[in-house]
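Reader: Could you walk me through this one before I set anything up?
Author: Gladly; here it is.

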Amino acid sequence: MKKTIIDMHCDTILRCLQGKSLRDMEGTHINLQKMKEGGVAVQCFALFIMTNGDGADYGFEQKSPYEVYQALLQVFQDQMQQNQDLIRQVRSSEEILSGIRSGQQMALLTMEDAAPAEGKLERFAEFYEEGIRMMTLTWNYENCIAFPNSKNAIAHNTLGLKPFGYEALERMNELGIIADISHVSARCFWDVMEHSKKPVIASHSCARRICDHPRNLSDDQLRALADRGGMVGINFFYDFLEDHPEPRSTIESVVRHMRHIKDVAGAEVLGWGSDYDGIPGTLEWGDSAGMPILLDALSPYFTDDELDLICWKNFVRVLKDNE
Ligand SMILES: [Zn+2]
């Protein structure tokens, strides 16, 4: 079953940083051909801000978070320029809706780790200007905004948004940048829930009840997201799908998480957050081109209308509510 899909998270821009082209690169989960085959109309491309020496493989170890952002933004813009016959950057729910109607392939820019703000509130207007419409508040390190998820339960439950983080959240709400709470601590999740004036998204996380990992969301968190009109995108990383897995992501485990989340929080909270090209292991359905295989497996448990919500309508709703 093929449907229009919006995928809320991938790290594919890193592959382009290594000189590959979105058009036809091989050995990746995503390229423009695979997107088309899979029905993916909108791919959210994250600028993944490597910090704390993680960018050494890319020659980034001496760069500030803001400089890493600038370098990755340039790669994204070059890709949009080089492939403008096949894909274009979009910046609003209206553009996405008209692009879907006319069968276009679209890219929405996001940022993973808000570290490039570097404590400067005025940076958010700049990010918005470049088209960034969703920002993961942290990656797996503390930054100027907040603290990340942790296997240490005390840290996870007590270290949340920082004073600058509250200001940043308010600015993001004003501008229309969705706060993405994948990766943050549980304390930060609840701080954001309490203070955000707009619905928020966990762009690439799963259900903690099914797989007990601090990157996943508890049933209470899932219900809180749903109550406030937000959503969660299912992550395809085997570590978040199953407790003692082989390095292999199964269709059955994806279906299990999605059924559970629907049961506790409703289909209006669900979406896709593949994490393509950012996760190791093999995927039973292959890659971006294999999305119809996942839809076939979901179809006995979800109505056609629910699948439309999950595949694209929920995200358009949340984006619009943030505009
Ligand atoms: Zn991530």
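Author: What follows covers the metal site and then some backbone angles.

Author: This is a predicted model, in which local features need pLDDT of at least 70, side-chain atom pairs count only at pLDDT 80 or more, and totals for chains, interfaces and linings use all residues. Residues are numbered from 1 along each chain as its sequence is written, and side-chain values use heavy atoms, with hydrogens and water left out.

Reader: Which protein donors does the zinc ion have?
Author: They are Glu112 through OE, and His183 and His204 through NE2, at 1.9 to 2.2 Å from the zinc ion. Donors here are N, O and S atoms within 2.8 Å of the metal (3.2 Å for Na, K and Ca), and because water is not among the atoms, sites may look incomplete.

Reader: What spacing do the donors follow along the chain?
Author: The pattern is E-x70-H-x20-H. His183 sits in the loop between strand S6 (178-180) and helix H8 (186-195), while His204 belongs to strand S7 (residues 201-205), so the pair ties together parts that are 21 residues apart in sequence. Helices (H or I, at least four residues) and strands (E, at least two) are DSSP runs, numbered from the N terminus.

Reader: Is His183 buried or exposed?
Author: His183 counts as buried, at 5% relative accessibility; buried means under 20% relative accessible area, exposed over 50%, and partly exposed in between, with a 1.4 Å probe and protein chains only.

Reader: Switching to backbone, what is phi of His183?
Author: Phi is near 85°, a positive value in a residue other than glycine.

Reader: And what about Glu118?
Author: Glu118, also not a glycine, has a positive phi of about 45°, and its place is in the loop between strand S4 (106-112) and helix H5 (123-129).
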